[in-house]
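Here is a short briefing on charged side chains and their surroundings. Keep the sequence and the structure in view as you read.

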Amino acid sequence: MPATTHILDHLRAAGLGALADLGFHGLDDDVRDPVIVTGFHASRTHKLTLGQKTANRVLAVGRAPVEHGFAHLKNGRTLTKLRTDPARATQLLRALLVLTNLEVNR
C-alpha cells in the first residue's frame, strides 16, 4: 500500500482535508468524499471555463499564506537548524506560520 493511501486514510479518519497544487491531481479519486482538493488543469485542447478559473483562483488564495510561510522557513534555513521531537515541530511550524502571516499583513 503506497504512503499516499495512508495519508488519505489519516485525513479521512481525522475529518480533515488538504488544499494541494496540480502536482497532486489524481491522488484522491473519491468524488463523493474528496480529501485532497486540487485545481483544474488546462491544456491546448481543453481550455478552462470561467468557473474553473475562479475555482483555481480561490484555491490559490487559500494556499498562498502557507506557501509563503514555507518559503520563509526555507530561506532562513530554519528547518535545517531544528533540533526537537517531530511531534513538537508541528506546533512550532504552526506558530511560525501565524507569526509570518501577522508580519506580512501589517
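**Salt bridges and surface charge**

The structure holds 2 salt bridges. A salt bridge here is a side-chain nitrogen of Lys or Arg within 4 Å of a carboxyl oxygen of Asp or Glu. This is a predicted model: local features need pLDDT of at least 70, side-chain atom pairs count only at pLDDT 80 or more, and totals for chains, interfaces and linings use all residues. Residues are numbered from 1 along each chain as its sequence is written, and side-chain values use heavy atoms, with hydrogens and water left out.

**The salt-bridge network**

- Asp21, Arg63 and Glu67 are linked in a network of salt bridges.
- Arginine 63 meets aspartate 21 at 3.9 Å, N to O.
- Arginine 63 lies in helix α2 and aspartate 21 in the loop between β1 (18-19) and β2, so this pair ties together parts that are 42 residues apart in sequence.
- Helices (H or I, at least four residues) and strands (E, at least two) are DSSP runs, numbered from the N terminus.
- Arginine 63 also forms a salt bridge with glutamate 67, and their closest N and O atoms are 2.5 Å apart.
- Both of these residues, arginine 63 and glutamate 67, lie in helix α2, 4 residues apart, about one turn of the helix.

**Buried or exposed**

- Buried means under 20% relative accessible area, exposed means over 50%, and partly exposed is in between (1.4 Å probe, protein chains only).
- Arginine 63 counts as buried, at 18% relative accessibility.
- Aspartate 21 is partly exposed, at 33%.
- Glutamate 67 is partly exposed too, at 40%.

**The positive patch**

- Arg44, Lys47, Lys53 and Arg57 form a positive surface patch.
- Patch residues have over 30% relative accessible area and no salt bridge, and like charges are joined within 9 Å.
- Lys and Arg count as positive; His and the chain ends are not counted.
- The place of a charge is taken as NZ of Lys or CZ of Arg.
- Accessible areas come from the Shrake-Rupley method with a 1.4 Å probe.
- Lysine 47 is found in the loop between β2 (36-37) and α2 (50-75).
- Lysine 47 counts as exposed, at 58% relative accessibility.

**Around glutamine 52**

- Glutamine 52 is found in helix α2.
- Glutamine 52 counts as buried, at 16% relative accessibility.
- Leaving aside neighbours within four places in sequence, glutamine 52 is in contact (heavy atoms within 4.5 Å) with Phe40, His46 and Lys47.

Technical notes. Patch = residues over 30% accessible without salt bridge, like charges linked within 9 Å, V, L, I, M, F, W, Y side chains within 5 Å.
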